[in-house]
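Subject: Structure handover

Hello,

Here is the structure we talked about. Please open it alongside these notes.

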Amino acid sequence: MTLFRDIPIQKKLMSVIFLISGIMLLVTCSSFFVYEFYTFRQTTIQKLSTLGEIISTNSTAALAFQDQESADEILAALKAEPHIVAACLYDKNGKLFSFYPSSLDVKKLPVKSELTGYHFDDSYLQGFQPVVQGSKQLGTLYLRSDLDAMYERFTLYSIITALVIATSLLLAYFLSQILQKSIAKPILALAETVKTISIQGNYSLRAIKLGKDELGSLTDAFNDMIGQIHSQNLTLSEFNQTLEQKVKDRTLELETVNKQLDAFSYSISHDLRAPIRSINNYINILLEDYDEQLDTEAKRLIQVVIQNSQKMGLLIDDLLAFAKLGRKDLAKVPLSMKTMVKEIWEEAHQLESNRNIQFVIQDIPEAYAEKATIRQVWVNLISNALKYSRKKENTSIEISWKENEKEIIYSIQDNGIGFDMKYYNKLFGVFQRLHSAQDFEGTGVGLAIVERIIEKHGGKIWAKSTPNVGTVFYFSLPKHNSV
Amino acid sequence: MRHYIKISLLFAGILILSAQTPSTREYQLKAVFILNFTQFVEWPPNSFSSPQAPLVIGVLGKDPFGNYLEEVLSNEKINGHALVAHRYKSMEDIEKDCHVLYINLSESGKNEKIITNLKGVSILTVSDNPDFLKQGGMIRFYTKDNKIQLQINPEAAKSANLTISSKLLRLAEVITPKLKSK
């Protein structure tokens, strides 16, 4: 039945119709056959015993008066019934009195039996019947009939049955060919439509309804469902388009605002530089020209002013650098990162030559990036590493790398003071500082600048840190060919 | 059982008698024939005084059967009637309840008279006399090809209210003589 489950519905319907009609026909025909067989046997027996009755009634006088000629004559009348192959009359003493046909081999005749009545033996129907006049038995009649009539009849019957079955099955075939269409066609049409829709993704297609039956309702339900999907799809894509437009609009707005902001901060920084320079200049002039008039306290106060104005100058320079980044495009070239890092390290190292520092630089690969800005990145990261490990007796800094399919990831690890990861989100913010200015100098712009540079290069920057153990900064740059 | 014993006795008799005179054997067969006539002839019910009354087979004149007739008839029954043989010396002796009458040749000259006397009485008349049927008799034995043959006059039987079965007539030569009285 597993096989039956998998065959196409048209064939399934056909086989069901065929099977049912075939079985019905077979059962009907065989019951008729059996009935006919039984009744025909009965009829044959009855016919033979009727014939026997006639013969025996007619032959009573011949037996009574020993008239063999007459008896022969009576038996010869059996010629009219070609299926009677043998007939014998025995007298009341059981002696053969007359027989038919004259060619009969008398020796082969059955022994006269006390049993009367007819029965089927091998290929004959035969039996004995008493010849009675009044209440007196005058002799016995033996009749034997071949079964040709029966065989003929059953041959005819078989032919008719075969013809009926063949014709009926042929009719069933043609009828089912026509009728199964009304069931299979809508299902196949529906299946075809479903297939087309799922392949083409065309939800505007509809299945054709072929009738008002359950299959029709199914088709309707299917069409309704497809309609709903179609309208939902439309709504969804409309919504998508609106959303995209909105995102575009917002991005544009943001870009504009960003540009404005950049321009604003640039001009502010630029404008702030001039007054701070003039403060610096004038205070230096004051210090030089009025050196003798100023007492120690005044000179100390002036020094504080100078320090703060210098600090402000630095701050403004940093801000200006940060603001500048948004304003210009990158000029990317192949960069030997190792050489660059070494140079920077030499410079930075000079300033803190009294410290015990173990500096390791792995064989980091070339980058494809803008020289000036990437240099700024390394300067900031290396100075940070030096700065936040200042309080350790032995400083260890390692520069390393790894890569994946699309990018090269550079890293710088120190054993400095570190930071609590719960403040990580503030790490790359402008003016955000995780340590006090008393402990570690700085403007709070450095990492913001680094992040901005890396992002502008299409890379990413992140860090991992454990307080008092150290910090690792990672930044990734896309590989040249994957940009 | 007795029936078979009787039959075998009869056959034994026939075998023995075959060595005897032909006429003896002839009358043995004729006795059987007479018995068989009773099976193929119907008598009107009023010919029997009661349903149990015997069917009487009479022999008029000299009896050629001897004991055979009694042997053949013993224990036979036709429609509930036992069979008995009576012998009559003369015509006057014939009883009203006689059913079959065999008339011997010795009384041949009186045949016509006898038959006229029996007119209207249901008695089946049988004889060997060649003119018997012409004289109004019903059944005549004759021998042909060494076999006993029958001649029957159904008209005579009919006028005596007797019905002879067509089966019997089939075997016999049916003769319808012109009666002198007509």
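In chain A, 65% of the contacts with a separation of 6 or more are between residues 24 or more positions apart. Two residues are in contact if their C-beta atoms, placed from the backbone, lie within 7 Å. For chain B, 59% of the contacts between residues at least 6 apart in sequence join residues at least 24 apart.

Some ground rules. This is a predicted model: local features need pLDDT of at least 70, side-chain atom pairs count only at pLDDT 80 or more, and totals for chains, interfaces and linings use all residues. Residues are numbered from 1 along each chain as its sequence is written, while chains are lettered from A and ligands numbered from 1 in the order in which they are written.

**Confidence**

pLDDT is the predictor's confidence in each residue, from 0 to 100. Chain A has a mean pLDDT of 86, with 98% of its residues at 70 or more. Among the elements of chain A, helix α1 (residues 2–6) has the lowest mean, 76. Strand β10 (residues 407–414) of chain A has the highest, 94. Where pLDDT is low, the predicted coordinates should not be read in detail.

**The two chains**

Chain A has nine helices and twelve strands. Chain B has six helices and ten strands. Helices (H or I, at least four residues) and strands (E, at least two) are DSSP runs, numbered from the N terminus.

Of the 483 residues in chain A, 20% are buried. Of the 182 in chain B, 35% are buried. A residue is buried if 20 or more other C-beta atoms lie within 10 Å of its own, exposed if 12 or fewer, and partly exposed in between; these C-beta atoms are placed from the backbone.

**Where the chains meet**

The contact takes 13 residues from chain A and 13 residues from chain B. Helix α2 (residues 9–64) of chain A gives the most to the chain A side, with five residues. That side divides into four nonpolar, six polar and three charged residues. Ala, Val, Leu, Ile, Met, Phe, Trp, Tyr, Cys and Pro count as nonpolar, Asp, Glu, Lys and Arg as charged, and the others, Gly among them, as polar.

**A helix pair in chain A**

Look at helix α8 (residues 371–388) and helix α9 (residues 446–456) of chain A. Their axes come within 9 Å and cross at roughly 145 degrees. Axes are lines fitted to C-alpha atoms, for helices over the stretch in contact, and angles run from 0 to 180 degrees between N-to-C directions. The contact residues include V377(A) and L381(A) of α8(A), and I449(A) and I453(A) of α9(A). In this contact, seven residues are nonpolar, five are polar and none is charged.

**Cores**

The largest nonpolar core has 68 residues. A nonpolar core is a set of buried Ala, Val, Leu, Ile, Met, Phe, Trp, Tyr and Cys residues joined through C-beta atoms within 7 Å. A87(A) and L124(B) have the most contacts inside the largest core. A second, separate core of 34 residues includes L319(A), M337(A), A367(A) and L381(A).

**Backbone points to check**

Most residues other than glycine have a negative phi, and most peptide bonds are trans.

- Y100(A) and P101(A) are joined by a cis peptide bond, with omega about -10 degrees. P101(A) lies in the loop between β2 (96–100) and β3 (117–121) of chain A.
- N146(B) is not a glycine, yet its phi is positive, about 65 degrees. It sits in the loop between β7 (139–144) and β8 (147–152) of chain B. N146(B) counts as exposed because it has 6 C-beta neighbours inside 10 Å.
- N161(B), also not a glycine, has a positive phi of about 65 degrees. Its loop runs between α5 (154–159) and β9 (163–164) of chain B. N161(B) has 14 other C-beta atoms within 10 Å, so it is partly exposed.

**One strand residue**

H81(B) is in strand β4 (residues 81–88) of chain B. With 19 C-beta neighbours inside 10 Å, H81(B) counts as partly exposed. H81(B) and Q52(B) are 29 residues apart along the chain, but their C-alpha atoms are separated by 5.6 Å.

Best wishes
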